[in-house]
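Dear colleague,

I am handing over the structure we spoke about, with the sequence alongside. My notes on what was found follow directly below, so that you can read them with the model open.

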Amino acid sequence: MALPTVEELAQQLAVVSGATEVTPDAPIQHIADVDSLDLMEWLYNFQNQYPDIPADESLFADLDDTTTMRDVYTKLLEHLPQPAER
């Protein structure tokens with residue numbers, strides 16, 4: 001299964017949180033209407049929608065004032081299973 005785009009992930013967070021807008025490069029902690037419960041709900045939905053992509057709470061382990069959805073997306077890319085070498 002392919003990883004959704006960073007824009008799709010940001011939109012999913014907007015839907016879960018009820019935020020008017022979540023852009024991929026906006027610091028998550030500064031987005032109105034997004035809190036830690038919203039992030040956990042987004043993660044739960046992501047895990048259910050993409051069970052083949054390993055993702056857990058560690059995505060937000062070092063969340064600070066500068067962390068964006070693009071940073072989370074980069075971590076997800078690092079978690080993607082790599083194809084076996086031939």
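Helix 1 and helix 2 pack with their axes 9 Å apart, at an angle of about 125°, where helices are DSSP runs (H or I, at least four residues; strands are E, at least two) numbered from the N terminus, and axes are lines fitted to C-alpha atoms, for helices over the stretch in contact, with angles running from 0 to 180 degrees between N-to-C directions. That angle makes helix 1 oblique to helix 2, given that angles under 35 degrees count as roughly parallel, over 145 as roughly antiparallel, 65 to 115 as roughly perpendicular and the rest as oblique.

Before going further, please note that this is a predicted model, in which local features need pLDDT of at least 70 and side-chain atom pairs count only at pLDDT 80 or more, while totals for chains, interfaces and linings use all residues. Residues are numbered from 1 along each chain as its sequence is written, and side-chain values use heavy atoms, with hydrogens and water left out.

**Helix packing**

The crossing of helix 1 and helix 2 is right-handed, a term used when the near helix is turned clockwise from the far one by less than a right angle, anticlockwise being left-handed. On the helix 1 side the contact (heavy atoms within 4.5 Å) is made by L9, Q12, L13, V16 and S17, and on the helix 2 side by D38, L39, E41, W42, N45, F46 and Q49. These residues divide into six nonpolar, four polar and two charged, where Ala, Val, Leu, Ile, Met, Phe, Trp, Tyr, Cys and Pro count as nonpolar, Asp, Glu, Lys and Arg as charged, and the others, Gly among them, as polar.

Helix 1 also meets helix 3, the axes coming within 10 Å and crossing at roughly 120°, which makes helix 1 oblique to helix 3. Helix 1 passes helix 3 in a right-handed crossing, and the contact is made by V6, E7, L9, A10 and L13 of helix 1 together with M69, R70, Y73 and L76 of helix 3. The residues of this contact divide into seven nonpolar, no polar and two charged.

T5 counts as partly exposed because its relative accessibility is 36%, buried being under 20% relative accessible area, exposed over 50%, and partly exposed in between (1.4 Å probe, protein chains only).

**Aromatic residues**

How many aromatic pairs does a search of the whole structure find? The search finds three, a pair being rings of Phe, Tyr and Trp (its six-membered ring) whose centres lie within 6.5 Å, with planes under 30 degrees apart counted as stacked, over 60 as edge-to-face and the rest as tilted. W42 and F60 form an edge-to-face pair, at 6.0 Å centre to centre and with 75° between the planes. Because W42 lies in helix 2 and F60 in the loop between helix 2 and helix 3 (69–79), this pair ties together parts that are 18 residues apart in sequence. Both W42 and F60 are buried.

F46 and Y50 form a tilted pair, with 4.9 Å centre to centre and 40° between the planes. F46 counts as buried at 1% relative accessibility, and Y50 is buried as well, with a relative accessible area of 10%. W42, F46, Y50 and F60 form one aromatic cluster.

**Loops**

A19 is placed in the loop between helix 1 and helix 2 and is buried, with a relative accessible area of 8%. Its contacts, leaving aside neighbours within four places in sequence, are A14, I31, A32, D33 and V34.

The phi of D33 is near 80°, a positive value in a residue other than glycine, and at 49% relative accessibility D33 counts as partly exposed.

P51, in the loop between helix 2 and helix 3, is exposed, with a relative accessible area of 58%.
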